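The sequence and the structure come next.

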Amino acid sequence: MRLMDSHLPPLIAGLLEPRRYPGELEQVSLVQTHISWVLLAGDFAYKIKKPLRLSFLDFSTLALRQRYCQEELRLNRRFSPDLYLDVVGIFNTPQDPQWHGSGDPIEYAVRMRRFDENARLDRVCARGELQVWHLSDLAERLTAFHAAADKAPPESSFGSPQKILWPPLGNFDELLKVFPQPDMQARLAALRAWTKTQHQQLTPLMQARKRAGWVRECHGDLHLANLVLINHQVHLFDCIEFNEDLRWIDVASEIAFTYIDLLAHAQAGL
């Protein structure tokens, strides 16, 4: 299946019919990402995982999709229990899907409470409305979340120098294929060499950070589009549930993700 396919499978096409939901709905909207379909229906959003197997995730079987729906619920309820409600089954057939029924579910969805998409911090920022107090509120919430997050066991590989080096080297491997121009190849080679040198110099610090307990079960994807204003407070959502290595990281890496995204949005002052 192509990641962003405009030809929807029968299950998703069927679930776009308002009559399949409780209450009197006029419309069901679909938001599609590379790895999920999100159905917006009334006061709720239903997130269904695509049956994919990629280098960094495996949703290829119904059992795996159920497992990762449960993980998504568990992980996101750590900081947004009011948004993440439950995991629900979908019954009957893909051509005639029902939210209630007998027998085993044919698919699973994470049911969430809907929020105003215009309140996502990336959109707030695009409107020039992101303020210092928003970041202060995020800092307080993030500090409290990290303080309560589980620490990586010392014997685990999470947060080890080897684990930290693997993703950037993988990025370089892909970028070198995408940019065959000699000048880009030279620039990427120089940046790769710099990255390896920096990694070698910082390895003792990485090891000390892990010994001190700063590698924890974090959010893992804390850019502005995964932050939303609800009742004038910043809420985190949509953390990484499908890959432990991307989630069990140093809390400094978590903060750096938001910092770099602010720079990408030309908000160095914030």
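Which residues lie nearest the centre of the largest pocket? In this predicted model, they are Lys-163, Ile-164, Pro-167, Pro-168 and Ser-253, out of 38 residues that line the pocket. The volume of the largest pocket is about 1600 Å³.

**Pockets**

Several elements contribute at least two residues each to the lining of the largest pocket: helix 5 (161-178), helix 6 (182-211), helix 7 (244-247), strand 12 (248-250) and helix 8 (251-264). Helix 5 gives the largest share, with 11 residues. By residue type, the lining of the largest pocket consists of 22 nonpolar, 10 polar and six charged residues.

The second largest pocket has a volume of about 770 Å³. It is lined by 33 residues, and those closest to its centre are Thr-33, Ser-36, Lys-47, Asn-226 and Asp-238. Strand 1 (28-32), strand 2 (36-41), strand 3 (44-49) and strand 8 (107-113) each supply at least two residues of this lining. Here the division is 17 nonpolar, six polar and 10 charged residues.

**Salt bridges**

How many salt bridges does the structure hold? The total is 23.

| Arg-53 | Asp-58 | 3.4 Å |

Arg-74 counts as partly exposed because its relative accessible area is 38%. Glu-217 has a relative accessibility of 3% and therefore counts as buried, the limit for that class being under 20%.

In the pair of Arg-53 and Asp-58, Arg-53 is classed as exposed because its relative accessibility is 61%. Asp-58, at 24%, counts as partly exposed.

**Exposed and buried nonpolar residues**

Tyr-259, Ile-260 and Leu-263 make up a nonpolar patch on the surface, and their accessible area together is about 320 Å². Ile-260 is located in helix 8, an element that also supplies at least two residues of the lining of the largest pocket.

Why does Ile-260 count as exposed? Its relative accessibility is 52%, and the exposed class begins over 50%.

Is Val-228 buried or exposed? Val-228 counts as buried because its relative accessibility is 0%. This residue is part of strand 10 (residues 227-230). Val-228 and Asn-118 are separated by 110 residues in sequence, while their C-alpha atoms are 8.6 Å apart in space.

Methods:
Residues numbered from 1 in each chain as written. Predicted model: local features only at pLDDT ≥ 70, side-chain atom pairs only at ≥ 80, totals over all residues. Heavy atoms only, no water. 1 Å grid on protein atoms, 1.4 Å probe; cavity = no way out; pocket = protein on both sides within 12 Å on 5 of 7 lines; lining within 4 Å. Points joined across faces, edges and corners; volume = space filled by probe spheres on them. Helix = DSSP H or I, 4+ residues; strand = E, 2+ residues; numbered from the N terminus. Nonpolar A, V, L, I, M, F, W, Y, C, P; charged D, E, K, R; others polar. Patch = residues over 30% accessible without salt bridge, like charges linked within 9 Å, V, L, I, M, F, W, Y side chains within 5 Å. Areas by Shrake-Rupley, 256 points an atom, 1.4 Å probe, with all protein chains shown as cover. Salt bridge = Lys/Arg side-chain N within 4 Å of Asp/Glu carboxyl O. Buried < 20%, exposed > 50% of the residue type's maximum accessible area, 1.4 Å probe, protein only.
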